[in-house]
Amino acid sequence: MVNATLFDLDHRVPQSKPFSLIDEVRSYDLGMRKSALVAYLKPAKRILSYCNENTRDLFEVGTGTGLLSLYLGGKRPEHIISSIEENVTLLEVAEENLSLSVWCSAPSNIEFELCKLNKFPAADASADVVYSFSSMHLWRRPVETLKEIGRICKPGGVVLLFDTNRLAEEGHITFVLQFVKEGANEFMDSLRASYSPQEVKGLLAEAGLEHWHVYEDELGLVVSSVVLEDLEEVK
């Protein structure tokens with residue numbers, strides 16, 4: 001277990017080639033299934049609140065191991081979900097999870113695709129909802145990725161990006177460490193690679209998206225193209 005008194009989070013430390021081994025990713029995926037259900041459910045509930053009879057196309061930036069999109073696809077099988085990932089080992093495990101869901105006849109309409117996250121295989125104004133979960137801190141070219149997100153989101157569409165907040169209150173970090181157990185060091189590595197609220201606002205400004213909103217939500221950060229009344233916006 002990481003000693004909570006030894007946090008060193010003042011400066012961002014990007015991760016170097018995370019998830020390079022397939023067995024490492026499978027272990028990570030299993031751990032997320034066991035310990036991070038609540039972490040997935042909060043963003044899933046928020047995303048689903050913007051899905052209605054007029055919603056057709058959902059687009060995920062950073063597939064990870066596919067758990068969030070698989071959950072959303074099961075809840076909204078009438079929607080088309082496109083999800084992109086540039087880490088081949090993450091995508092391989094996501095495809096394994098998708099194959100298992102198909103084998104179990106889980107209702108969904110999902111496609112995972114390997115591509116660079118600075119140039120999406122999607123047309124301008126083609127997505128009703130664009131979302132991302134625990135991926136932003138891994139983006140190699142975050143400003144270009146944010147520009148692409150703005151490009152593909154339809155006028156009147158919604159962007160919701162969720163990631164950890166490197167400068168979250170220590171109590172929130174300590175609480176999570178009680179549950180991740182053997183994955184504590186990996187969690188801390190990802191937290192150190194995450195952005196602060198002001199750093200995210202700086203990235204949005206560089207991308208020409210100053211009108212988007214940044215919120216703190218316990219351990220997390222939420223970037224949204226729409227106002228979220230239940231959270232306090234970072235000024």
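**Cavities, cores and a pocket**

Colleague: How do the residues of the lining of the largest cavity divide by class?

Modeller: Seven are nonpolar, one is polar and one is charged. Ala, Val, Leu, Ile, Met, Phe, Trp, Tyr, Cys and Pro count as nonpolar, Asp, Glu, Lys and Arg as charged, and the others, Gly among them, as polar.

Colleague: What should I know about the model before we go on?

Modeller: This is a predicted model: local features need pLDDT of at least 70, side-chain atom pairs count only at pLDDT 80 or more, and totals for chains, interfaces and linings use all residues. Residues are numbered from 1 along each chain as its sequence is written, and side-chain values use heavy atoms, with hydrogens and water left out.

Colleague: Back to the cavity. Which residues line the largest cavity?

Modeller: Met136, Leu161, Asp163, Thr164, Tyr195, Val200, Leu221, Val222 and Val223. S5 and S7 are the elements that give two or more residues to that lining. Helices (H or I, at least four residues) and strands (E, at least two) are DSSP runs, numbered from the N terminus.

Colleague: What is the volume of the largest cavity?

Modeller: About 50 Å³. A volume is the space filled by probe spheres set on grid points, which are joined across faces, edges and corners.

Colleague: What counts as a cavity, and what as a pocket?

Modeller: Both are found on a 1 Å grid over the protein atoms alone. In a cavity, a 1.4 Å probe fits at the points but cannot get out. A pocket is an open set with protein on both sides within 12 Å along at least five of seven lines. Lining residues have an atom within 4 Å of a point.

Colleague: Pockets, then. What lines the second largest pocket?

Modeller: There are 13 lining residues, and Arg33, Leu67, Leu68, Leu70 and Tyr71 lie nearest the centre. The volume of this second largest pocket is about 290 Å³. Ten lining residues are nonpolar, two are polar and one is charged.

Colleague: Which helix gives the most to that lining?

Modeller: H3, with four residues. Helices H1 (22-35), H2 (37-48), H3 (67-75) and H4 (88-103) each supply at least two.

Colleague: Pick something in H1. Is Val25 buried or exposed?

Modeller: Val25, found in helix H1, is buried because its relative accessible area is 0%. Buried means under 20%, exposed over 50%, partly exposed in between (1.4 Å probe, protein chains only).

Colleague: What does Val25 touch?

Modeller: Phe19, Thr65, Thr89, Leu90 and Val93, not counting residues up to four places away in sequence. Contact means heavy atoms within 4.5 Å. The C-alpha atoms of Val25 and Glu92 are separated by 9.1 Å, though the two are 67 residues apart along the chain.

Colleague: And Ser101, buried or exposed?

Modeller: Ser101 sits in helix H4. It is buried, as its relative accessible area is 13%. Leaving aside neighbours within four places in sequence, Ser101 is in contact with Leu70 and Ala106.

Colleague: Switching to cores. How many residues does the largest nonpolar core have?

Modeller: It has 29, and Phe59, Val130, Leu146 and Ile149 have the most contacts inside it. Strands S1 (57-61), S4 (127-133), S5 (153-164) and S7 (220-224) and helices H5 (142-152) and H8 (197-206) each supply at least two residues of this core. H5 gives the most, four residues. A nonpolar core is a set of buried Ala, Val, Leu, Ile, Met, Phe, Trp, Tyr and Cys residues joined through side-chain atoms within 4.5 Å.

Colleague: What does Phe59 touch?

Modeller: Not counting residues up to four places away in sequence, it touches Ser82, Ile84, Phe120, Ala122, Ala127, Val129, Val130, Tyr131 and Ile152. There is also a second, separate core of 28 residues, which includes Leu72, Leu91, Val158 and Leu160.

Colleague: Which faces of S1 are covered?

Modeller: Both: Asp57, Phe59 and Val61 are buried on one side, Leu58 and Glu60 on the other. S1 runs parallel to S2 (residues 80-85), joined by five bridges. Two strands pair if DSSP finds at least two bridges between them. Phe59 stands opposite Ser82 in S2.

Colleague: Last one. Where is Thr55?

Modeller: In the loop between H2 and S1. Thr55 is buried because its relative accessible area is 10%. It touches Tyr50, His79, Asp128 and Val129, not counting residues up to four places away in sequence.
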